[in-house]
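Please keep the structure in view while reading.

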Amino acid sequence: MLRFWITLIPFCIFASAQVHIPHDSAVTQQAFKYVHGDLTFATASQIDISKEPWTSKYGPQNDLGYSGPLSFSHFDYKRCLEDASVPFDIGIIGFPFDTTTSYRPGARFGPSAIRSGSRRQSLGKGRGYTLAWGSSPSDYGSSLLDCGDVPISAYDNAKAIDQMEAAYSTLLSRPVFGGTSEVYKEKTRTFSRDGKEHPRIVTLGGDHTIVLPILRALNKVYGPVSVIHFDAHLDTWPPRGTTVQEGITHGSFFAVAAEEGLLTNTSIHAGIRCKMFGIEDMEHDDTVGFQVISTEDIDDYGIKRVIEKIRQRIGNQPVYLSLDIDVVDPGQAPATGTPEVGGWTTREVKRILRGLSGLNFVGADIVEVAPAYDNADITGIAAADIVHDFLSMMLVDGPPEPHVGPFSKIDLLL
Ligand SMILES: [Mn+2]
């Protein structure tokens, strides 16, 4: 018993000290900053770090590929929902939500896995150039920021969906940074209802239902949009179940979105190969506003025709891109909720994404990364690399020219 009180008494003193500090005191300010990991309030001004052993010998405390805080690709990180101090042109936000999955749950850990998979990319530290793009997303004068994750209810799906819409609307309504150089270009002003440029958000899911609140938020700014949907599954199935909430799942959210008037009638799937109830699934899909490019079409018609068909379907409309990682073959992306064999390779998906550059993207996401089913981070790394491509795709004016190198353009098999 004595041991109990010896343990408890210091805790009570500590806890009451936390509670009774006046809210406006300098002590509270310091305590608040300390809790949030910002130690700059300390005696920093009195310390000459240039004379300390580390700085005098080795200089700055640079983050390595495998070290440092876990932001996407070593971007600057802010909790943007509570902190509007850093304006951005493209923001990364995590939606850790997975309570409308039909099979394997776990995509609430997707944002963390994608950030972890992005560590070697170091785009935030200037290492983003690739031969395939011939540029880096950092070359286009845009402010890129990791806005953290949305705290989402894991128990009440209606509340969770509202939280995601509120968060997305909050970020969409922020003023853009407007670029750091003359190469920066406005991308959304001509489509927005208020005639203003709005930031673009890349969302890390989360199961696929996160797209419903995103489309609701986008609708308030742009009106209905068309969707390019990379997925093994249609996700346009009619809502089922005995309650409204039961009907909103990662397999039905597009049908719900269409009923709400959030979609134009000119959307398109890419990579479909799932088992269906029958041809009636395709007929219903058509009523939701989608055309279908199947997984096998890439063999029968080729990548170039796949890209052409998607571009033709979308034209100059504002378009939202949603990519379910299960579009990739489970051999290259096993960590997902509803795997389907015989999928596209990561390289094929990346090449199609390059081909879509220059369309009028108002936002993008990658969903259904569930790292508990991963091996050696293979899916998280693939997803992070695809997000890197999203950034280039959203910033450049059109598809990059193929690398020539020791070949000539005559050699191209296009
Ligand atoms: Mn999906």
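In this protein, 77% of the contacts with a separation of 6 or more join residues 24 or more positions apart; two residues are in contact if their C-beta atoms, placed from the backbone, lie within 7 Å. The model is a predicted one, in which local features need pLDDT of at least 70 and side-chain atom pairs count only at pLDDT 80 or more, while totals for chains, interfaces and linings use all residues. Residues are numbered from 1 along each chain as its sequence is written.

The protein has twelve helices and nine strands, which are DSSP runs numbered from the N terminus (helices: H or I, at least four residues; strands: E, at least two). Of its 414 residues, 44% are buried, a residue being buried if 20 or more other C-beta atoms, placed from the backbone, lie within 10 Å of its own.

The nine strands form an open parallel sheet in the order E1-E3-E2-E4-E9-E8-E5-E6-E7; two strands pair if DSSP finds at least two bridges between them. Strand E1 (76-77) and strand E7 (290-294) stand at the edges with a single partner strand each, so one side of each has no neighbour in the sheet.

E8 pairs with E5 over five bridges and with E9 over seven bridges. Leu321 is the bridge partner of Ile228, and Leu321 also stands opposite Ala364 in E9. Strand E5 (residues 226-230) pairs in turn with strand E6 (residues 267-272) over three bridges, where Ile228 has Ile268 as its bridge partner.

Helix H5 (residues 157-172) packs on the sheet, touching strand E2 (90-95), strand E3 (144-149) and strand E4 (200-205), and its direction makes about 170° with that of E2. Such angles run from 0 to 180 degrees between N-to-C directions, and axes are lines fitted to C-alpha atoms, for helices over the stretch in contact. Helix H6 (residues 211-222) also packs on the sheet, touching E4, strand E8 (318-324) and strand E9 (360-367).

Finally, the axes of helix H10 (residues 303-314) and helix H11 (residues 346-355) come within 9 Å and cross at roughly 45°. Ile303, Val306 and Ile307 in H10 meet Glu348, Arg351, Ile352 and Gly355 in H11.

Conventions
A residue is buried if 20 or more other C-beta atoms lie within 10 Å of its own, exposed if 12 or fewer, and partly exposed in between; C-beta atoms are placed from the backbone.
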